[in-house]
Amino acid sequence: MKPLSIFLLSLLFGASSVWAQQKRTNSSPDQKMNAFISSLMSKMTLDEKIGQLNLLTGGEATTGSVVSTDVERKIKSGQVGGMFSFTTPQKIRKAQEIAVKQSRLKIPIIFGQDVIHGYKTTFPIPLALSSTWNMAMIEKTARVAAIEASADGLNWTFSPMVDISRDPRWGRISEGSGEDTYLGSQIARAMVKGYQGDDLSRYNTIMACVKHFALYGAAEAGRDYNTTDMSLDRMYNEYLPPYKAALDAGAGSIMTSFNDINGVPATANKWLMTDLLRKEWGFKGFVVTDYTAVNELIDHGLGDLQKVSALSLNAGVDMDMVGEGFLTTLKKSVAQGKVKQQRIDEACRLILEAKYKLGLFEDPFRYCNEERAKTEILKPEHLQFAREVAAESFVLLKNENHTLPLKKTGTIALIGPLANTGSNMPGTWSVNSDLVNTRSLLEGLQAYVGQDAKILHSLGANLISDAAYQERATMFGRNIPRDNRPEAEVIGEAVALAKTADVVIAALGESSEMSGEASSRTDLEIPDVQKRLLQALLKTGKPLVLVLFTGRPLALKWEDEHVPAILNVWFGGTETANAIPDVLFGAINPSGKLTATFPQNVGQVPLYYAHKNTGRPLAEGKWFTKFRSNYLDVSNDPLYPFGYGLSYTSFTYGHLKLDKTSFKPGETITISIEVKNTGTMTGKEVVQLYIRDLEGSATRPVKELKNFQKISLKPGEAKTVSFKITEDDLKFYNSALKFVAEPGDFNVFVGGNSRDVTTGKFTLIK
Ligand code: BGC
């Protein structure tokens, strides 16, 4: 069809009809899309093109002080390309109707939301989810989230968050997959596949938005939104791969980060958005800013709104979230020659392409199916799955003398500020969770034991002794009641209760809002008053299990020394309260493994397993030697290393077998090891493979995860686990940023965590 006839038809029938005409031609899908968009853009005014670059919020959940206003009028006048934080098919249909019936060119709106770890069926926080090391499970959580979100009118999610973080002070470590590049990349891929499936235009798939590009997880001092300054070696080898993995998996969009990167904030960083993202990586989707990130460039010190908007667009940003800097200044910048119209065209085209791929031109109401909203959200099978995922995300940190699993008999005292709060269970960034109806652990436990055991409950302590701090830590309806009586009285009451019980479950740790955005901490311990409660409870001499709620690695040195059993349950989502008893009473054997190192104290941070050796490493087994790289007051060891997590059963590892001791590019080397369940319960084990490049043109980490397998073994059962290593697994970015494997010797390590491993050696020959 000729452009002129497309143009005439579109005048007669509007954009959707042109699409229908286009469908009948025989050109490739890309050609059809391009022709359709070219035709549409030929009719657009500069204002309408700029309008497509504008993303407004519907205000259901906001993370900044600015909230969009006058939205209806803006939609009518073609000034809105996308909306977010606005849900339900009814509301979205209404807004979409205004766009496709009352705006001049009838261009549909894309509707986004922070669907981070599930939608209404909320899964564990991402840090917890990563602790499952179960890629099929993780992908399915994103699939379920896409089904529910799309049933509620949405077609775009601001997820996956793939920021590597090695700093537990940073509250947003809870939103990512931990410290490791390889694991983080696998998870990024799984999430994108789960959200997008293989056809974005399906009614139940949604577009992913990888965030936060880039290096947000390395904010200095763990303080949110803070500066990042990083070498290219570290960027390319450690922090960038998960973003790239998500894009290679087909993610349709990417979000800029708030932070400064080596002197230029990400949102204005042309090297990042154009040289790296477009030219080097070949990304074809669109770039959206984070919430008012363009406006924040003013405070970064880059100029006034007109200047920073032009800077950001010219750097390669396509869509402006909430701040309306693009909407209000770009036309003037074009007139003054500060921005080329061609760059606006490019950005507009990328956003229209995304809408086309989502099928919105064909049917703008594809995701507005009121019937689906009633039947596909919070389905029993979604909830059942969420319960399994939650249980699989828990990490058993300590279990002295088989304190766990518990027996479903006698009297159980459930004590602590996290015991009776349903609203904290979903965890941070769960804006679609039903906080009112989510079960508390107390309710879950009572339902689980029924008449078989007696449950006693007492608050025991406030979350934090400082009331103002507790208020900051329980925002957005995540309440925890306060008891204003003297501390000794509140603790005393709990101790009296504990004395009458057979076993004590202490539900302690952080509230859900103590991690997440703008929730950084400088103290990584369980809050003061809760520790005093724990000490008092231990003094009763009753068997005690610490059920630990946290969104970050905590410093648990004292607890590790004194508490017989510690089950880290993070924030497990909607089904937390049902999943905890599943594990406490042994219906499910815990199999989660940490994806972020737990330090001994905050002073060791950043502490991560894949560190460099230094020229003065401490000899193995030592904890202090003068003139070596160490501290006077604490050893270099973590409290719980990366990859660590116990089971109710035990596993032993046999000898490491290598099918050859040297290999050439193009060949593979097979590493195998026998793993045996030597305990009495069926259990799952994550068998982890690490390597170390022993000599090269650049320094390399002392260990790097390169593969893993999660296996299940019955009591007494043994399995041989095999891994293949190829030259590709040994590649890294050298100082010239070439991705190469250098010949020489390598160590290979296999084990159930990054510390306790069996070691072998091989050589790459070239
Ligand atoms: C967060 C993003 C989020 C956005 C939209 C920001 O404050 O940094 O992760 O996607 O808000 O809600």
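Visitor: Which residue in β2 is the bridge partner of leucine 55?
Guide: That is glycine 82. Keep in mind that this is a predicted model.

Visitor: How many bridges join β1 to β2, and how do the two strands run?
Guide: Three bridges join them, and the strands run parallel. β1 covers residues 54-57. β2 covers residues 82-84.

Visitor: What is the strand order in the open sheet of eight strands?
Guide: The order is β9-β6-β5-β4-β3-β2-β1-β10. The pairing is parallel.

Visitor: Why is one side of β9 and of β10 left without a neighbour in the sheet?
Guide: β9 (286-288) and β10 (320-321) stand at the edges.

Visitor: What holds paired strands together in general?
Guide: Strands of a sheet pair through backbone hydrogen bonds, either parallel or antiparallel.

Visitor: New topic, the ligand. How many residues surround it?
Guide: There are 14. The closest are Thr63, Asp114, Arg172, His212 and Asp290.

Visitor: What classes of residue make up that shell?
Guide: Seven are nonpolar, two are polar and five are charged.

Visitor: How far is a ligand oxygen atom from an N or O atom in the side chain of aspartate 114?
Guide: The distance is 2.5 Å. For the side chain of aspartate 290, an N or O atom is also 2.5 Å from a ligand oxygen. For histidine 212, the value is 2.7 Å, again from a ligand oxygen to a side-chain N or O atom.

Visitor: And how much of the ligand does the protein bury?
Guide: The protein buries 100% of the 310 Å² that the ligand exposes when taken alone.

Visitor: Back to sheets. What is the order in the open sheet of six strands?
Guide: This one goes β11-β16-β15-β14-β12-β13, with mixed pairing. The edge strands are β11 (395-399) and β13 (454-458), and each pairs on one side only. From one strand to the next, the twist averages 20°.

Visitor: In what sense do β12 and β14 pair?
Guide: They pair in the parallel sense, over four bridges. Isoleucine 415 stands opposite alanine 506 in β14.

Visitor: Which strands does helix α22 touch?
Guide: Helix α22 (residues 528-539) packs on the sheet and touches β12, β14 and β15. Its direction makes about 170° with that of β14.

Visitor: And what about helix α24, which strands does that one touch?
Guide: Helix α24 (residues 576-584) packs on the sheet too, touching β14, β15 and β16. The direction of α24 makes about 145° with that of β15.

Key
Residues are numbered from 1 along each chain as its sequence is written. This is a predicted model: local features need pLDDT of at least 70, side-chain atom pairs count only at pLDDT 80 or more; totals for chains, interfaces and linings use all residues. Side-chain values use heavy atoms; hydrogens and water are left out. Two strands pair if DSSP finds at least two bridges between them. Axes are lines fitted to C-alpha atoms, for helices over the stretch in contact, and angles run from 0 to 180 degrees between N-to-C directions. Contact means heavy atoms within 4.5 Å. A residue is near a molecule or strand if one of its heavy atoms lies within 4 Å of it. A polar contact is a pair of N or O atoms within 3.5 Å; within protein, one must be able to donate a hydrogen and the other to accept it, and residues adjacent in sequence count only if both atoms are side-chain atoms. Accessible areas come from the Shrake-Rupley method with a 1.4 Å probe; for residues, only the protein chains shown count as cover. Ala, Val, Leu, Ile, Met, Phe, Trp, Tyr, Cys and Pro count as nonpolar, Asp, Glu, Lys and Arg as charged, and the others, Gly among them, as polar.
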